[in-house]
Amino acid sequence: MTLAAAGPGFLSPTGVEIAFLLVGIATLGAALVAVTTKQLVHAALWLVVALGGLAVEYLLLTAEFIAWVQVLIYVGSVVVLLLFGLMLTKAPIGRSPDADSGNRWAALAVAVASAAALVWVVVDAFRTTWIDLDGVVQGSTKVSGQYLFRHWVLPFEALSVLLLAALVGAIVLSRHKDGRAGAAGPADPAGPADPAGPAGPAGSAGGSDSRQNGAR
Amino acid sequence: MTGTLDVVVRLLAVFVAFLVLPLVVGQTEHKVMAHMQGRLGPMYAGGFHGWAQLVADGVKFAQKEDVVPAGADRRIFQLAPAVALLPYLLVLVAIPIGPGNQVGQSVDAGIFFVLAVMGVGVLGSMMAGWASANKFSLLGGLRTAAQLLAYELPMVLAAASVAMAAGTVSLVGVLDAFHWWWVPWQIVGGLVFFTAGLAELQRPPFDMPVADSEIIFGAYTEYTGLRFALFLLSEYAGIVVLCGLTTVLFLGGWHGPFGADGLGWLWTLLKTAVLAFVVIWLRVSYPRLREDQLQKLAWTVLIPLALAQIALTGVVKVVIQ
């Protein structure tokens, strides 16, 4: 059993490795502020910083496609949806001390446990692999696509079915409410806008799925 | 050393384009709108047909006091214009204007890069809308978010159709693979992309989030001086970026009937300018869509059209192989 990657060791790091580490620390810091700040909208914006930091980490690992998709889906859709939800609830400017569920310690325990599990799995799986940054790019769109559709087709399809189920579920839920309330006027601005919200990210994922199906 | 110089020259060229082209579009808008409405538009600043009007406007904006409302979230309020403007500068770097290496920086996943970064720009409007502590601004921010969620999807789908046709997600690669018959083949996708892009920029007829006559410019109500000017600049930079992207993805960029090798950049600029004219034309000729009409158009017209375009692209692609 090897404990660490052969070849380049952990001593005498290169510039990219130092940058990776620094961006990682910044990302971790932003994530910590996002969960500890008392200002709701600030938390969402710190989440943007954390997700952007992750995208930069992907870039440093040469996975360009993954990085831009991360920005497109998470910053462009998920955080916008989050901010939309916050604004609908009239997120106040300044601190909101009542926005605490009192589950601080339970949440911390769950977070530490899941982080430990994830770190353990990743370290166990990848501690002997090494990305050669000087050679052929190993995370380009072409390579990622080939990996995805040669080795990971089944998980990919299972995920798209899951997302499709979520999409159909969202439509069914919003329809149901409409039917009970009687004929909501077509000019009701809340009507069409409402299903638009939750269906957003799921819809975009389903859409990219159909595109990739077509590309094969 | 030549490598560094090359990078500096490219970045400078992109920066100059970023400063000049939006002003050109803005001045064109002044004049075109005026003539379509039977007026003359600015005639005095700079002498010849008021060419320096926007420079004068810029000087005026710079002189104004920079007011931050007392109830506002100061830091986010001040940060928002930069978040709105900088993404468009980044996008310009990746748009190829001519054959070969006439591009700021060739990005491997170019289509995803430009769409992702353009989506970030809208965060600026949302930050401004929330941080202003003003109900009109908050309404504007909400409408911005709803509009982005609705129109991001058809835009991505339409761009995906081109990526399928070209077999690559690199903007340079798309142009290298282009043939003239792609224009009729991808025309529906092109219309969807352009329309969705207009909505993402909140240009008329999709200007419900800024609707000056009902919510007083929405997210920008509280902004004055230079920060307001930055928001305006980001709108015009957005027009340049959207028209440039539509040109590159759907109209063949630097390809033209003749002279594509030496004068390719001229074709790109010409097509971009024609599209920018269409953007201005739409502002003058179409009334504003209501919020529910906006949502309906996106979810019941544009997305099905984009999906149909993807199906068509897939079928044709399989047949010609």
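# A tour of chains A and B

Start by selecting B:Leu175. This residue is buried, with 23 other C-beta atoms within 10 Å. The cut-off for buried is 20 or more, so B:Leu175 qualifies. Keep in mind throughout that this is a predicted model.

**Stop 1: around B:Leu175**

Colour helix H6 of chain B, residues 171–176; B:Leu175 sits in this helix. Next, show its contacts. Leaving aside residues up to four places away in sequence, B:Leu175 touches B:Pro96, B:Val248, B:Gly253 and B:Trp254.

**Stop 2: chain B as a whole**

Zoom out and switch to cartoon for chain B. How many helices and strands does chain B have? There are 12 helices and zero strands. From the N terminus on, the order of elements is therefore α-α-α-α-α-α-α-α-α-α-α-α. The radius of gyration of chain B is 20 Å, close to the 20 Å that the globule rule gives for 321 residues, so chain B is as compact as a globular protein of that length.

Colour chain B by burial. Of its 321 residues, 53% count as buried. Then look at contacts between residues at least 6 apart in sequence. In chain B, 78% of these join residues at least 24 apart.

**Stop 3: the largest nonpolar core**

Select A:Trp68, B:Val91, B:Phe112, B:Leu115 and B:Ala159. These residues have the most contacts inside the largest nonpolar core, which has 136 residues. Which helix gives this core its largest share? Select helix H5 of chain B, residues 135–166: it supplies 21 residues.

Not counting residues up to four places away in sequence, B:Val91 touches B:Val114, B:Val117, B:Met118 and B:Val241.

**Stop 4: where the chains touch**

Show both chains and select the contact between them. Chain A gives 37 residues and chain B gives 39 residues. On chain A, pick helix H2 (40–60), helix H3 (64–88) and helix H7 (190–215). Each of these supplies at least two residues of the side of chain A that touches chain B. Which helix gives the most to that side? H3(A) does, with 15 residues.

Now colour the side of chain A that touches chain B by residue class. There are 23 nonpolar, 12 polar and two charged residues.

**Stop 5: chain A on its own**

Chain A has seven helices and zero strands. Read from the N terminus on, the elements run α-α-α-α-α-α-α. Colour by burial again: of the 216 residues of chain A, 20% count as buried. For contacts in chain A with a separation of 6 or more, residues 24 or more positions apart account for 73%.

**Stop 6: the spans listed by UniProt**

Finish with the record. An unreviewed UniProt entry lists "transmembrane region" for residues 18–36, 43–61, 67–93, 105–123 and 152–173 of chain A. Select two of these in turn.

- Residues 43–61 of chain A: 95% helix and 0% strand, with the end C-alpha atoms 27 Å apart.
- Residues 152–173 of chain A: 95% helix and 0% strand, with the end C-alpha atoms 32 Å apart.

Technical notes: Residues numbered from 1 in each chain as written. Chains lettered and ligands numbered in written order. Predicted model: local features only at pLDDT ≥ 70, side-chain atom pairs only at ≥ 80, totals over all residues. Contact = placed C-beta atoms within 7 Å. Helix = DSSP H or I, 4+ residues; strand = E, 2+ residues; numbered from the N terminus. Nonpolar A, V, L, I, M, F, W, Y, C, P; charged D, E, K, R; others polar. Rg over C-alpha atoms; globule rule 2.2 N^0.38 Å. Buried ≥ 20, exposed ≤ 12 C-beta atoms within 10 Å, placed from the backbone. Core = buried A, V, L, I, M, F, W, Y, C linked by C-beta atoms within 7 Å. UniProt positions renumbered as here; feature names shortened; annotations may be inferred.
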